[in-house]
Amino acid sequence: MRVRYVLFIGIPAIAFLAITLIFYTVDVTEYAIVTQFGAPVKVIEEPGLFAKLPDPVQSLIKLDRRTQIFNGSETEYLTKDKKNILVQAYATWRISDPLQFFKSVRNPAGASLRLSDILTSDLGAVLGRYELGDLVTAQIGQTKLTSLSAEATKLISERVSSYGYIVTDVRLRMLNFPEANRKSVFQRMRAERQQIARQLRSEGTEEATKIRAAADAERTTILSAAAREAEKTRGQGEADAARIYSSAYGRDPQFYKFLRSLESYDKIITEGTTIILPSNSDLLKYLNPAGVP
């Protein structure tokens, strides 16, 4: 009875242990490498259920096939125009050849160690081809960080490809200046802002001058048109007056002369005016009672 109980418990346990040692699963986010006495003998790149010889004959190593992030350390670099800057960059990478990755760097820690050295040196080489104004400027949209990132990504990815992984992106997480250089950098940025302000003021003054010139031209045109219209109206009025005078003169010349003389008196004789004329002057004949017809 005791033997049968041991068999009842032991056989399933042995079977379960054998299954766990022989069968294994590979997830869609993983690569699997089967090693035999430490040497790789099989690489599985597709998800599913697989079998191998039990440990220690064959062992299983799994690698993450998803994109990884590596954060570089803060490093001081020199730009093309000999300016010192402090840069901290990060890179994203993923395994492209799991077998080569395992043979060259073994695991993500080894990949990060290699990437650290390459990122530090190659990023410095790329930054040395750019001036400080290409990286930091007051002009919106004028930096060349995008092209710098693309250039660094291509260069570093080519360097690490022989280790079985590729770099998909390199970006600057932080860009700062050594304490000794910050004052001069801020002064340059302030000068750039002042230059922009002067340019905007100059453009505003130019635009205001154009507007004033256009307004003056329009004013002159309006006044000229009004003056022409006034002259035209005045000429028409004088023509009508002459016509009326001519008509009145034709009807009663003596009355017309009398009326015109009165108009002359109104224009010539004012308060305090002294006029010395001969007694037979035509101008005085209506003022002299004896000369009134």
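**The nonpolar core and its surroundings**

Mentor: Of the 293 residues of the protein chain, 23% count as buried; buried means under 20% relative accessible area, exposed means over 50%, and partly exposed lies in between (1.4 Å probe, protein chains only). The model is a predicted one, in which local features need pLDDT of at least 70 and side-chain atom pairs count only at pLDDT 80 or more, while totals for chains, interfaces and linings use all residues. Residues are numbered from 1 along each chain as its sequence is written, and side-chain values use heavy atoms, with hydrogens and water left out.

The secondary structure of the chain comes to seven helices and nine strands. Here helices (H or I, at least four residues) and strands (E, at least two) are DSSP runs, numbered from the N terminus.

The largest nonpolar core has 33 residues, and W93 and L115 have the most contacts inside it. Such a core is a set of buried Ala, Val, Leu, Ile, Met, Phe, Trp, Tyr and Cys residues joined through side-chain atoms within 4.5 Å. At least two of its residues come from each of β2 (30–36), β8 (84–95), α2 (98–104), α3 (108–127), α4 (132–135), α5 (145–160) and β9 (165–176). Helix α3 supplies the largest share, seven residues. There is also a second, separate core of five residues, which includes V26, A32, V34 and I44.

Let us now look at W93. This residue counts as buried, because its relative accessibility is 3%. Leaving aside neighbours within four places in sequence, W93 is in contact (heavy atoms within 4.5 Å) with several residues, among them R66, F101, L115 and Y165.

A pair of aromatic rings is described by the distance of the centres and the angle of the planes. Rings of Phe, Tyr and Trp (its six-membered ring) pair if their centres lie within 6.5 Å; planes under 30 degrees apart count as stacked, over 60 as edge-to-face, and the rest as tilted. By this rule there are four aromatic pairs. In one of them, the rings of W93 and F101 have centres 6.1 Å apart and planes at 20°, so the pair is stacked. F101 is buried, since its relative accessibility is 0%. Together with Y165, the residues W93 and F101 form one aromatic cluster.

D122 is buried, because its relative accessible area is 7%, whereas R159 is partly exposed at 40%. Another salt bridge joins the side chains of D134 and K144 (3.8 Å, N to O); D134 lies in helix α4 and K144 in the loop between α4 and α5, 10 residues apart. D134 counts as buried at 16% relative accessible area, while K144 is partly exposed at 40%.

Finally, R66, one of the residues in contact with W93, forms a salt bridge with D64 through their side chains (2.9 Å, N to O). R66 is partly exposed, because its relative accessible area is 48%, and D64 is partly exposed at 26%.

How values were computed: A salt bridge is a side-chain nitrogen of Lys or Arg within 4 Å of a carboxyl oxygen of Asp or Glu.
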